[in-house]
Amino acid sequence: MTGPLTLPAAPLENWLRERYFQAKIDISSSGVHNYTFGELRALDPALLGTAELDRLMFRDGPSLGDERLRAAVAARVRPGPGHVVMTTHGSSEALFLAFTALVSPGDEVVVTMPAYHSLSALATAAGAVLRPWPLRPENDFVPDLADLRAVLGGRTRLVVVNFPHNPSGSCLDPQGRADLLDLVAGSGATLMWDGAFTDLVYDHPPLADPSRDLDRVLSFGTLSKAYGLPGLRVGWCVVPRGLAHELVRIRDYLTLSLSPLTERIATVAVEHADALIAPRLAEARGNRELLLQWVAASEGGIECPVTRGGVTAFPRFNAHPDVTGTCERLLSEHGVLVVPGQVFGYADRMRIGFSCPRAQLEHGLAALTEELGAHAHGRRWGTR
Ligand SMILES: Cc1ncc(COP(=O)(O)O)c(C=O)c1O
C-alpha cells in the first residue's frame, strides 16, 4: 500500500510536540528565535496598521498564492525564467504537493541522510525506493559527491537534498553546488532542493537558487527558519512553469489557498527580509563561537562538526552511547529543551539550536554540562 495514509510517525515532531510548550529555555530549534507581530508591524506600519487590516476582505486566495507575496519572494530568490513561485502553508505543504505530484510507485529517489523526516518519508509513502546519499559522521557530515555518484543511476527519478543541512549544519560551497547541479543534470533526474536555511550561512553568500542553472528542479523556502516566523506557516516552492498546475491539482484537495491575512503579513516579512534576518544571523554567528568554545572545553568529551549553515549543531558525546535520557533530564530538571540525536538515527548526538538570546544559550549549555558531568562517571566535561 502507498499514499499519505502510510506515513509513519515523525520522531522529531513527537519529541517536540509537548516538550516545546514546557521548556523554559529552548536550545532545540532549527530556526532563529521568533519575532512578534508588533515587530513586523513596525517594518510597515501602514500595510499592517489597523485601518488597512480592517479593510482586508477574507476572500479565497489565488491557487498559486497572493501576487504581491509571490513577487516579493521572486525578487529575493530570483528564479530562472522557466520557473514560477507558489506560496504554501510552510514549505511542508510544498514538499507534500511536490512528492505527491512527482513520485510514482517504484521510482528511485536519492535523499541526503540523515534527513528531515518529510524528505524521506514522503518519498517512501508515495511508493519510492529510497537510495540514501549518506552524509558521513566521520567526515563531519560534509557532502561528498562521490557518494552521490555511487547511488545515482538510470532509474533515479528524484535527487532530494537539503543544504544547509538539518541537523548537522553542513553545507555545499558555491563550487560544490555547481558540481552537484552538473551531476544531477547529466543523470536526467529532477532535483528537489530544500533551501529552508539558505539565508543562514557564515562562510559565503547564500547559494543561488538552482532554478537559475537547471530546468528540472524544484526549490523550497520558508519563513520558519531565517525569518523567525514558524507560526505564520508560510513557505514556498519554485517550480517549473509547466508543473505548477500539477501542484494546484493536488492543493485543490488539501488547502485550496492561503489566508489573505497570513499572506499580507508574510508580504511585509519578505519585503523587509534583511531587517529580520541580519540581526539574528549576527547573533547566531556569535553564539556559534560560544558553542565551539564549549565543545573545546570538553577536552575531547564532545566532538562537533562546525556549523556551516543553519543554526543547529549536531555534537557527539563520546562517553554516552545514548543521550536520550540526558535530554529528558535536561528538560525535567533544568527546563532546557534540546533534540536527542536518536530522532535522526544518532543516539550519541544531540541537535542543539543556537539561535536564542546569548544568555539563554549560556544557561542551557551550563545545564547540559552539569547533566552530562553527573552521568559521565568522573570524566571531565568542562563548563565552557
Ligand atoms: C529541512 C527542513 N525542510 C522543511 C521544513 C519544514 O518547515 P516549514 O513547514 O515550517 O516551512 C523543516 C522544518 O524543520 C526543515 O528542517
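Which residues does the domain assignment of the protein chain give to domain 1, and which to domain 2? Domain 1 is assigned residues 4-37 together with 274-373, and domain 2 is assigned residues 57-273. The model is a predicted one, and its protein chain averages a pLDDT of 95, with 97% of the residues scoring at least 70. One stretch calls for caution, namely residues 377-384, over which the pLDDT is below 50, although in the model this stretch has 22 contacts beyond near neighbours in sequence. Where pLDDT is low, the predicted coordinates should not be read in detail.

- Taken over C-alpha atoms, the centres of domain 1 and domain 2 are separated by 24 Å.
- The contact between the domains involves 33 residues of domain 1 and 30 residues of domain 2.
- On the side of domain 1 that touches domain 2, helix 11 (273-297) and strand 10 (312-313) each supply at least two residues, and the largest share, 8 residues, comes from helix 11.
- Sorted by class, this side of domain 1 has 18 nonpolar residues, 10 polar residues and 5 charged residues.

**The surroundings of the ligand**

- The ligand is surrounded by 13 residues, of which the closest are Gly-90, Ser-91, Ser-92, Thr-222 and Ser-224.
- Helix 5, which covers residues 90-102, provides the largest share of this shell, with 3 residues.
- By class, the shell around the ligand divides into 9 polar residues, 3 nonpolar residues and 1 charged residue.

**Helix 5 against helix 9**

- Helix 5 also packs with helix 9 (residues 244-251), at an angle of about 110° and with the two axes 9 Å apart.
- Because angles of 65 to 115 degrees count as roughly perpendicular, helix 5 and helix 9 are therefore roughly perpendicular to each other.
- From helix 5, the residues Leu-97, Ala-98, Thr-100 and Ala-101 take part in this contact, and they meet Glu-246, Leu-247, Ile-250 and Arg-251 of helix 9.
- The residues of the contact of helix 5 with helix 9 comprise 5 nonpolar, 1 polar and 2 charged.

**Backbone details in the loops**

- The peptide bond that runs from Met-113 to Pro-114 is cis, with an omega near 5°, and Pro-114 is found in the loop between strand 3 (108-113) and helix 6 (117-125).
- Asn-166 and Pro-167 are likewise joined by a cis peptide bond, for which omega is about 15°, and the loop that holds Pro-167 lies between strand 5 (156-162) and helix 8 (174-187).
- Arg-78 has a positive phi of about 50° although this residue is not a glycine, and its place is in the loop between helix 4 (67-77) and strand 2 (83-88).

How values were computed: Residues are numbered from 1 along each chain as its sequence is written. This is a predicted model: local features need pLDDT of at least 70, side-chain atom pairs count only at pLDDT 80 or more; totals for chains, interfaces and linings use all residues. pLDDT is the predictor's confidence in each residue, from 0 to 100. Two residues are in contact if their C-beta atoms, placed from the backbone, lie within 7 Å. Domain bounds come from an automatic or database domain assignment. Helices (H or I, at least four residues) and strands (E, at least two) are DSSP runs, numbered from the N terminus. Ala, Val, Leu, Ile, Met, Phe, Trp, Tyr, Cys and Pro count as nonpolar, Asp, Glu, Lys and Arg as charged, and the others, Gly among them, as polar. A residue is near a molecule or strand if its C-beta atom, placed from the backbone, lies within 6 Å of it. Axes are lines fitted to C-alpha atoms, for helices over the stretch in contact, and angles run from 0 to 180 degrees between N-to-C directions. Angles under 35 degrees count as roughly parallel, over 145 as roughly antiparallel, 65 to 115 as roughly perpendicular and the rest as oblique.
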